[in-house]
Amino acid sequence: MAERRESVRPRVAVVVGAGAVGSFLGGTLAAAGWDVALVRRHGGSEAVPGPLAIDGPKRRHVSVSVRRAGSVDQAPANPDLVILATKMFDLASALEASARWPDAPLATAQNGIGAEAQAAAARTSPLIALSLTTAVESTADGVARRRTGGLGIAPVRGDTAALRHELADAFADGGLPTVACADAAAMKWSKLLANIVGNASSALLDMDVGAVWADRAGFALERRQLLEALAVMRELRLEVVSLPGGDVRALLAGLRLPRVIARPALAWALGRVRGGKDPSLRIRLRGGAAGPTEARWLNGAVADAGARLGVPTPVNAALATLVDAVADDPAAGDHWRGNPARLLDAAVGWNAGR
């Protein structure tokens, strides 16, 4: 473990976005001794310290003290780190809020592709990328961790080596295994591979991930979207990297097995690894919530990069478009529900005539 920097005061972190991911990351730093302020989106009274519970997958319960702020004006004036933990579609407003601390190092914790480029265009401070592989959900008094997982941390811009080592130690001390990655793009694309597995397909088909992979057409659909993403990564010259609790290399190796073996084995493994938590896009489409989805930055990012690089990505383009179409018109989801063969046929031929 790297030697820790001596400090005359606790290190201070502001987390913009106090949902499940922001609360978990902030709470983990608080467990390691950091002074953490969680900034909510909808205002509130002056920030005061209060308890935040973190429940683990193995009945581990931790209670830490954090400050909950209703606005950036109530958060510390000179933080050592600002973490943006909103969804991608809220990143622009989070970056606007973070302008209160123009020189503070910034960490992006979004799923998908594009957060780091957006942050780099909005400010000149040092930048760090985070990739969380732990499934978390909000609870009445904090956050619940559905499976172990961990965190990847990588440099984006500026001299952040000392801070990254300190953060890696702090997250590990707080109970979150953390690995340092040399290439932020490789880390984020590797995490994207995990994010797209059984996500859009589960949402459109309204089926559990294991059931999608157990179905012949569902397996073919999932395999094709992953192979398209890998082809884009090869064109970008990005290696698949290992992340704690989210090493997709074992999944990719499984795809090379004969299908009669790969399909049931991966269906069982993927159904088990989610810890009972539905994929984010299924929660969004089938849960009745309003607003945008993150499909644009997941499957859509693969399709956009493929179009730019000349790599065919019809399945990812179809999944991204159809998820947003069903989000806009839930009744359209009836066409795909429970029918992997229909979805596969549409996705494989997606670019024909378009």
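Predicted model: local features only at pLDDT ≥ 70, side-chain atom pairs only at ≥ 80, totals over all residues.
Strand S1 covers residues 12-16 and is mostly covered, with 5 of its 5 residues buried. The burial applies to both faces of S1. On one side lie Val12, Val14 and Val16, and on the other lie Ala13 and Val15.

## The neighbours of S1

What is the sense of the pairing between S1 and strand S2? The two strands pair in the parallel sense, over 5 bridges, with S2 made up of residues 35-39. Within S2, Val39 is the bridge partner of Val16. To get from S1 to S2, the chain passes through helix H1, residues 20-31, and this β-α-β crossover is right-handed.

S1 also pairs with strand S5, which spans residues 81-84. This pairing is parallel too and has 4 bridges.

## The aromatic pair

A pair of aromatic rings is described by two values, the distance of the centres and the angle of the planes. How many aromatic pairs does a search of the whole structure find? The search finds 1. In this pair, the ring centres of Trp213 and Phe219 are 5.6 Å apart and the ring planes stand at 85 degrees, so the pair is edge-to-face. The reasoning rests on the angle, because planes over 60 degrees apart count as edge-to-face.

Are the two residues buried or exposed? Trp213 has a relative accessibility of 0%, so Trp213 counts as buried. Phe219 has 2% and therefore counts as buried as well. The cut-off used for this is under 20% relative accessible area.

## The second largest pocket

Rolling a probe the size of a water molecule over the atoms shows where empty space is left. The second largest pocket has a volume of about 210 Å³. Its lining consists of 17 residues, and the closest to the pocket centre are Gly56, Arg60, Arg145, Gly174 and Gly175.

Which element supplies the largest share of the lining of this pocket? That element is H1, with 3 residues. H1 is also the helix through which the chain crosses from S1 to S2. Strand S3, at 49-55, likewise supplies at least two residues of the lining. Sorted by class, the lining of the second largest pocket contains 7 nonpolar, 5 polar and 5 charged residues.

How values were computed. Residues numbered from 1 in each chain as written. Heavy atoms only, no water. Buried < 20%, exposed > 50% of the residue type's maximum accessible area, 1.4 Å probe, protein only. Pairing = 2+ DSSP bridges. Right-handed = clockwise from strand over helix to strand, strands pointing away. Phe/Tyr/Trp six-rings, centres within 6.5 Å; stacked < 30°, edge-to-face > 60°. 1 Å grid on protein atoms, 1.4 Å probe; cavity = no way out; pocket = protein on both sides within 12 Å on 5 of 7 lines; lining within 4 Å. Points joined across faces, edges and corners; volume = space filled by probe spheres on them. Nonpolar A, V, L, I, M, F, W, Y, C, P; charged D, E, K, R; others polar.
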